[in-house]
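Please take a moment to look over the sequence and the model together before reading on. The paragraphs below go through a few of its parts in turn.

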Amino acid sequence: MDTGNAAWMLTSASLVFLMTPGVAFFYGGMVRAKAVLNMLMLEAAALSVTAIIWTLWGWSIAYAGTSIGGIFGDPATGFLLKDSMVAQDGVFTAANTDGNYPGSIDVAFQTTFAMITVGLICGAIAERVKYSTWMIFVALWITFDYAPMAHMVWNHGLLSGDGAISQAIGAAAHDFAGGTVVHINAAVAALIIVLIIGKRKGFGVTPIRPHNVPFVMLGAFLLWFGWFGFNAGSAFGANGTAGYAWVSTTAAAAAAMLSWGFTEKIRTGHYTAMGAASGMVAGLVGITPAADVVSPLWAIVLGAIVGILTCLACGLKFKFGYDDSLDVVGVHGVGGLTGTVLIGFFGEGTGLLAGGDWKQLVVQIVIALVAILYSGVITAIIAFALEKTVGWRVTEAQEVGGIDLADQGERAYDFAGTASSVLKEVR
């Protein structure tokens, strides 16, 4: 066992864990004051329910079980981590400690990826869904969507570099840290749910503004910090590739923040803090699948392209009438798809503009399309079933009055109490 690699991967797992609280603040600041607690609670459920499901059978489906058709692993082989963790002298440890780092750390690292992926979906359905329904959805979606997708891409499955699609095309598909598994997957799921549950009251008619922009900026900075574990950790060791992934991640995020800002300035005359935060995240999304295979120049170019495209894409919801509350589709869908496809142009030695041929571009497009199709079908089945049974939405009166009071029985800010205290002091 390499203790340096083990230490880095355990640190990376902790950094990726931080991303879900980061996205909670990022999304929490964007919603109205009457819905911020509910958003934080949706993210808390993403952490907690995923941790249980991953321990029970999610890990087995993704990584530990015998592969079935290159689509998923059987849930029994690694049920309750039984083939990954063992007891020695009354103390539990990893079953395998002879490799690069203990298998127990890999379980931890992959758990956090599952958490943040389902956590991204929350932004699209903000201010209108029941907490109880969301918890059920998380359990089902991790089981039937995320874990199989991780298996297909990262465990020698259908969408992997040595999978059936890559072999048929003659080029190895590449997804370094989750362009398909995380971002495209979450964005497609978000869009499907939104189309099923419908719009918020007042969408497209009444201005719906973020209640706390500093929260949004804080969340974006936390996400950028956590992304070092997300991307650099995907090198699976404290090595040169991890170091380069840190560099390319930062270059792309910086370029996307600036290009989003310039696009906003041309369109509205302002460089907004909301745009800066969204641009950072868009760049992080775009570089995720490509962080190890694009040069510094192409990392900057990729980030700049993603910043412009995602900025423009976020307005499409008003044109087409779907209420993606916090632009999950615009940022993560468009950003993840762009980053995945641009490997076919910018990938070192394989991309069209970096010494390769057309096959890399073809395989990147195909794996993205298959990911979209799989996520769309599975999510539609789950979301429609929940709509017809337990239901997704709170009542219209509860939505208007504030989902925090309706679902959590609390308010984030006691403005009335504060005002009363101030008046009492004055008297």
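Are α1 and α2 roughly parallel or roughly antiparallel to each other? In this predicted model, helix α1, residues 3-30, packs against helix α2, residues 36-64, at an angle of about 160 degrees, and their axes lie 9 Å apart. Angles over 145 degrees count as roughly antiparallel, and α1 and α2 are therefore roughly antiparallel to each other. The crossing in which α1 passes α2 is right-handed. On the α1 side, the contact is formed by Phe17, Thr20, Val23, Ala24, Phe25, Tyr27 and Gly28, while α2 contributes Val36, Met39, Leu40, Glu43 and Leu47. Sorted by class, the residues of this contact are 9 nonpolar, 2 polar and 1 charged.

Helix α2 also holds Thr50, which counts as buried because its relative accessibility is 0%, and buried means under 20%. Leaving aside residues up to four places away in sequence, Thr50 touches Ala45, Thr111, Ala114, Met115, Val118, Val138 and Ile142.

Methods. Residues are numbered from 1 along each chain as its sequence is written. This is a predicted model: local features need pLDDT of at least 70, side-chain atom pairs count only at pLDDT 80 or more; totals for chains, interfaces and linings use all residues. Side-chain values use heavy atoms; hydrogens and water are left out. Axes are lines fitted to C-alpha atoms, for helices over the stretch in contact, and angles run from 0 to 180 degrees between N-to-C directions. Helices (H or I, at least four residues) and strands (E, at least two) are DSSP runs, numbered from the N terminus. Angles under 35 degrees count as roughly parallel, over 145 as roughly antiparallel, 65 to 115 as roughly perpendicular and the rest as oblique. A crossing is left-handed if the near helix is turned anticlockwise from the far one by less than a right angle, and right-handed if clockwise. Contact means heavy atoms within 4.5 Å. Ala, Val, Leu, Ile, Met, Phe, Trp, Tyr, Cys and Pro count as nonpolar, Asp, Glu, Lys and Arg as charged, and the others, Gly among them, as polar. Buried means under 20% relative accessible area, exposed over 50%, partly exposed in between (1.4 Å probe, protein chains only).
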